[in-house]
Amino acid sequence: MKVTIFEKLIRKVIREEIDYALRREIKSLKEDLREELKPTIVEQPTQRTSIPKNVQTSLKEKIMGKSISQQFTSNGALNDLLNETAQGNTNLESTLMPETPMPVEVSNVVNRDYRELMRAIDKKKNSRP
(Lines give C-alpha, C1' and ligand atoms only; values in the text may rest on other atoms or scores of the structure.)
Protein backbone atom coordinates (compact mmCIF):
# COMPACT_ATOMS: atom_id res chain seq x y z
CA MET A 1 0.00 0.00 0.00
CA LYS A 2 1.35 3.35 -0.92
CA VAL A 3 2.05 5.85 1.77
CA THR A 4 -0.05 8.63 0.21
CA ILE A 5 -3.13 6.43 -0.06
CA PHE A 6 -2.65 5.30 3.56
CA GLU A 7 -2.21 8.92 4.65
CA LYS A 8 -5.42 10.01 2.85
CA LEU A 9 -7.32 7.12 4.41
CA ILE A 10 -6.14 8.04 7.91
CA ARG A 11 -7.03 11.71 7.33
CA LYS A 12 -10.51 10.73 6.16
CA VAL A 13 -11.12 8.50 9.19
CA ILE A 14 -9.81 11.18 11.57
CA ARG A 15 -12.05 13.83 9.96
CA GLU A 16 -15.09 11.60 10.33
CA GLU A 17 -14.29 10.85 13.96
CA ILE A 18 -13.64 14.51 14.78
CA ASP A 19 -16.86 15.52 13.00
CA TYR A 20 -18.82 12.92 14.96
CA ALA A 21 -17.25 13.94 18.27
CA LEU A 22 -17.85 17.64 17.61
CA ARG A 23 -21.50 17.08 16.74
CA ARG A 24 -21.97 15.09 19.94
CA GLU A 25 -20.26 17.77 22.05
CA ILE A 26 -22.16 20.63 20.39
CA LYS A 27 -25.42 18.81 21.01
CA SER A 28 -24.64 18.33 24.69
CA LEU A 29 -23.56 21.98 25.03
CA LYS A 30 -26.81 23.14 23.43
CA GLU A 31 -28.79 21.01 25.86
CA ASP A 32 -26.84 22.48 28.77
CA LEU A 33 -27.53 26.00 27.51
CA ARG A 34 -31.21 25.25 27.16
CA GLU A 35 -31.34 24.01 30.72
CA GLU A 36 -29.55 27.12 31.96
CA LEU A 37 -31.72 29.50 29.96
CA LYS A 38 -34.98 27.77 30.85
CA PRO A 39 -37.01 30.26 32.87
CA THR A 40 -37.69 29.25 36.40
CA ILE A 41 -41.07 30.09 37.80
CA VAL A 42 -41.04 30.99 41.44
CA GLU A 43 -44.45 31.15 43.03
CA GLN A 44 -44.83 33.50 45.90
CA PRO A 45 -47.72 33.02 48.25
CA THR A 46 -50.13 35.93 48.15
CA GLN A 47 -52.72 36.78 50.67
CA ARG A 48 -56.12 37.53 49.26
CA THR A 49 -58.53 39.50 51.28
CA SER A 50 -62.13 38.61 50.74
CA ILE A 51 -64.72 41.30 50.19
CA PRO A 52 -67.46 41.15 52.80
CA LYS A 53 -70.74 39.80 51.46
CA ASN A 54 -72.71 42.89 52.45
CA VAL A 55 -70.36 45.15 50.45
CA GLN A 56 -70.71 42.93 47.37
CA THR A 57 -74.48 42.93 47.49
CA SER A 58 -74.79 46.62 48.33
CA LEU A 59 -72.75 47.61 45.26
CA LYS A 60 -74.84 45.35 43.05
CA GLU A 61 -78.02 46.79 44.54
CA LYS A 62 -76.76 50.34 43.94
CA ILE A 63 -76.14 49.59 40.27
CA MET A 64 -78.96 47.18 39.48
CA GLY A 65 -81.50 48.11 42.11
CA LYS A 66 -83.26 45.63 44.38
CA SER A 67 -83.30 42.22 42.81
CA ILE A 68 -86.63 40.45 42.65
CA SER A 69 -86.00 36.86 41.71
CA GLN A 70 -88.75 34.64 40.42
CA GLN A 71 -88.75 30.91 39.85
CA PHE A 72 -89.11 30.52 36.07
CA THR A 73 -87.62 27.04 35.75
CA SER A 74 -86.06 24.31 37.88
CA ASN A 75 -82.68 24.73 36.13
CA GLY A 76 -80.65 27.07 38.36
CA ALA A 77 -78.39 28.55 35.68
CA LEU A 78 -81.27 29.15 33.28
CA ASN A 79 -83.37 30.62 36.08
CA ASP A 80 -80.57 33.09 36.99
CA LEU A 81 -80.25 34.10 33.34
CA LEU A 82 -83.98 34.63 33.00
CA ASN A 83 -84.05 36.70 36.19
CA GLU A 84 -81.23 38.92 34.90
CA THR A 85 -83.06 39.36 31.62
CA ALA A 86 -86.31 40.16 33.39
CA GLN A 87 -84.63 42.84 35.50
CA GLY A 88 -82.84 44.54 32.60
CA ASN A 89 -84.19 46.84 29.93
CA THR A 90 -85.26 44.56 27.09
CA ASN A 91 -86.76 47.32 24.96
CA LEU A 92 -84.33 47.25 22.06
CA GLU A 93 -86.26 49.66 19.86
CA SER A 94 -85.44 52.62 22.07
CA THR A 95 -81.71 52.01 21.59
CA LEU A 96 -82.00 51.61 17.81
CA MET A 97 -83.61 54.97 17.10
CA PRO A 98 -81.08 57.81 16.75
CA GLU A 99 -81.72 61.00 18.65
CA THR A 100 -81.17 63.21 15.59
CA PRO A 101 -83.05 62.50 12.36
CA MET A 102 -81.13 61.24 9.34
CA PRO A 103 -80.43 63.59 6.47
CA VAL A 104 -82.72 63.04 3.47
CA GLU A 105 -79.86 61.76 1.28
CA VAL A 106 -78.91 59.09 3.80
CA SER A 107 -82.53 58.14 4.33
CA ASN A 108 -83.00 57.69 0.57
CA VAL A 109 -79.99 55.36 0.38
CA VAL A 110 -81.03 53.32 3.41
CA ASN A 111 -84.66 52.98 2.36
CA ARG A 112 -83.99 52.34 -1.34
CA ASP A 113 -85.41 49.22 -2.99
CA TYR A 114 -82.34 47.14 -3.88
CA ARG A 115 -84.19 44.18 -5.46
CA GLU A 116 -83.55 45.26 -9.06
CA LEU A 117 -79.88 45.89 -8.35
CA MET A 118 -79.47 42.46 -6.78
CA ARG A 119 -81.21 40.79 -9.74
CA ALA A 120 -78.82 42.54 -12.12
CA ILE A 121 -75.83 41.38 -10.06
CA ASP A 122 -77.14 37.79 -10.00
CA LYS A 123 -77.77 37.90 -13.75
CA LYS A 124 -74.25 39.14 -14.38
CA LYS A 125 -72.77 36.40 -12.15
CA ASN A 126 -74.74 33.68 -13.93
CA SER A 127 -73.77 34.92 -17.40
CA ARG A 128 -70.02 34.55 -16.71
CA PRO A 129 -68.40 31.30 -17.83
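1. Ile18 lies in helix α1, where helices are DSSP runs of H or I of at least four residues and strands are E runs of at least two, numbered from the N terminus. At 45% relative accessibility, Ile18 is partly exposed; buried means under 20% relative accessible area, exposed over 50%, and partly exposed in between (1.4 Å probe, protein chains only).

2. The model is predicted: local features need pLDDT of at least 70, side-chain atom pairs count only at pLDDT 80 or more, and totals for chains, interfaces and linings use all residues. Residues are numbered from 1 along each chain as its sequence is written, and side-chain values use heavy atoms, with hydrogens and water left out.

3. The protein chain has six helices and zero strands, giving the order α-α-α-α-α-α from the N terminus. Of its 129 residues, 2% count as buried.

4. An α-helix has 3.6 residues a turn, so residues three or four places apart point the same way.

5. There are three salt bridges, a salt bridge being a side-chain nitrogen of Lys or Arg within 4 Å of a carboxyl oxygen of Asp or Glu. One of them pairs Arg11 with Glu7, with 3.1 Å between the closest N and O atoms. Arg11 and Glu7 are four residues apart in helix α1 (residues 3-37), so about one helical turn separates them. Arg11 is partly exposed at 45% relative accessibility, and Glu7 is partly exposed at 39%.

6. Arg23 and Asp19 form another salt bridge, at 3.3 Å from N to O. Both residues lie in helix α1, four residues apart, about one turn of the helix. Arg23 is exposed at 60% relative accessibility, whereas Asp19 is partly exposed at 34%.

7. A salt bridge also joins the side chains of Arg115 and Asp113, with an N to O distance of 2.9 Å. Arg115 counts as exposed, at 55% relative accessibility; Asp113 counts as partly exposed, at 45%.

8. Helix α6 (residues 115-127) has 13 residues and spans 18 Å from its first C-alpha to its last, close to the 18 Å expected at 1.5 Å a residue. The expected span is 1.5 Å times one less than the number of residues. The number of buried residues among the 13 of α6 is zero, so the helix lies largely in the open.

9. Asn79, in helix α3 (residues 76-87), is buried, with a relative accessible area of 8%. Its side chain reaches the backbone oxygen of Gln70 at 3.3 Å. The side chains of Asn79 and Gln71 are joined by a polar contact of 3.4 Å (a pair of N or O atoms within 3.5 Å; within protein, one must be able to donate a hydrogen and the other to accept it, and residues adjacent in sequence count only if both atoms are side-chain atoms). Leaving aside neighbours within four places in sequence, Asn79 is in contact with Gln70, Gln71, Phe72 and Thr73, contact meaning heavy atoms within 4.5 Å.
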